[in-house]
Amino acid sequence: MNHLINLKMNNLRDKVAYITGGSKGIGYGIAKMLLDKGMKVAITGRNLTAVKLAAESLTADVSKVLALESNVSSLASEIKAIQATLAHFGQLDVLVANAGVGHFASIENITEEQWKETIDTNLTGVFNSVKAAIEPLKLTKGYIITIASLAGANFFETASVYNASKFGLVGFTQAIMLDLRKHGIKVSTIMPGSVATYFNHHTPNDADAWKIQPEDIGQLVVDLLEMNPRTLPSKIEVRPSMPGK
């Protein structure tokens, strides 16, 4: 019993996180919270100019954040970005697979291109990020966190493509959790409901006050990383405490 009581919590200072889709929204909120805890972060996106601007706004300490261009739908692109992170920071402790897109329409109107972009980003993209990060995470006994959605457990009209990607992501994450725990790598998925982000061409505004805020998801990531390492919350559903009017 004394051994369990004295088991130290994880110290996050100077640990390194790689966050896909980190230039805005949930990824940006996570990056901000991790930097506030003393971590170093690499953030990625398809538009390097936007990623660099985000990095500059995250912290005045430029040594703590690295802006990288990467397209998660390409395994080669993710390998290159992970290698750049290792070259810059010397290690990798956390992967946050956050990049995502959404197309919503009846199956009659969804196009092949929209299907491919959604699956390639939301599902294959996470596979690519994980494959690129596994070996360095083995060395640090690291953590993989995927950002799924309540749409990964609840289907709804006009969401056939998005549901398919997020149901798949939840299943993928839970399966790799079992694959990787023997290497000391922890894996969790966070499944948010309505979040105040730029997702699906939305611009956050005062009317979004009832929604989950990006920094709330960031706090969840911090809580996971700081949890006693004997315990693993492998799947977390999170929703606004009160619905919007």
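Reader: How many bridges join strand β4 (residues 94-97) to β5?
Author: Strands are DSSP runs of E with at least two residues, helices are runs of H or I with at least four, and both are numbered from the N terminus. Two strands pair if DSSP finds at least two bridges between them. β4 and β5 run parallel. The number of bridges that join β4 to β5 is four.

Reader: What kind of model is this?
Author: Residues are numbered from 1 along each chain as its sequence is written, and side-chain values use heavy atoms, with hydrogens and water left out. Local features need pLDDT of at least 70, side-chain atom pairs count only at pLDDT 80 or more, and totals for chains, interfaces and linings use all residues, the model being predicted.

Reader: Which residue of β5 is the bridge partner of V96?
Author: L95 stands opposite I144 in β5. For V96, the bridge partner in β5 is I145.

Reader: Is strand β5 (residues 143-147) largely enclosed or open, and how many of its residues are buried?
Author: Buried means under 20% relative accessible area, exposed over 50%, and partly exposed in between, with a 1.4 Å probe and protein chains only. One side of β5 carries Y143, I145 and I147, the other I144 and T146, and all are buried. β5 is largely enclosed by the rest of the structure because the buried residues number five of the five.

Reader: Which residues cover the two faces of β4?
Author: Both faces are covered by buried residues. V94 and V96 lie on one side; on the other are L95 and A97.

Reader: Which residue of β4 pairs with A17 as its bridge partner?
Author: Strand β1 (residues 16-19) and β4 run parallel, joined by three bridges. β1 also pairs with strand β2 (residues 40-45), in the parallel sense over four bridges. There, A17 stands opposite V41. In β4, the partner of A17 is V94.

Reader: Which strands stand at the edges of the sheet?
Author: The open sheet has seven strands in the order β3-β2-β1-β4-β5-β6-β7, with parallel pairing. Each edge strand has a single partner, so one side of it is left without a neighbour in the sheet. The edge strands are β3 (65-69) and β7 (235-238).

Reader: What is the average twist from one strand to the next?
Author: Angles run from 0 to 180 degrees between N-to-C directions, and axes are lines fitted to C-alpha atoms, for helices over the stretch in contact. From strand to strand, the twist averages 15°.

Reader: Which residue of β6 is the bridge partner of T146?
Author: β5 and strand β6 (residues 186-192) run parallel, joined by five bridges. In β6, the partner of T146 is T189.

Reader: What is the hand of the crossover from β5 to β6?
Author: The chain leaves β5, passes through helix α7 (residues 160-180) and reaches β6. A crossover is right-handed if, with the strands pointing away from the viewer, the path from the first strand over the helix to the second runs clockwise. This β-α-β crossover is right-handed.

Reader: At what angle does α7 run to β6?
Author: α7 lies across β5, β6 and β7. Its angle to β6 is about 160°.

Reader: How is S188 classed, buried or exposed?
Author: S188 lies in strand β6. Leaving aside neighbours within four places in sequence, its contacts (heavy atoms within 4.5 Å) include Y143, I145, T173 and L232. With 0% relative accessibility, S188 counts as buried.

Reader: Which residues does A164 touch, not counting those up to four places away in sequence?
Author: A164 lies in helix α7. Its relative accessibility is 30%, so A164 counts as partly exposed. The residues touched are W115, I119 and A159.

Reader: What is the angle between helix α5 (residues 112-122) and helix α6 (residues 124-140)?
Author: I119, D120, T121 and N122 in α5 meet T124, G125 and V126 in α6. The axes of α5 and α6 are 3 Å apart. The angle is about 25°.

Note on methods:
Contact = heavy atoms within 4.5 Å.
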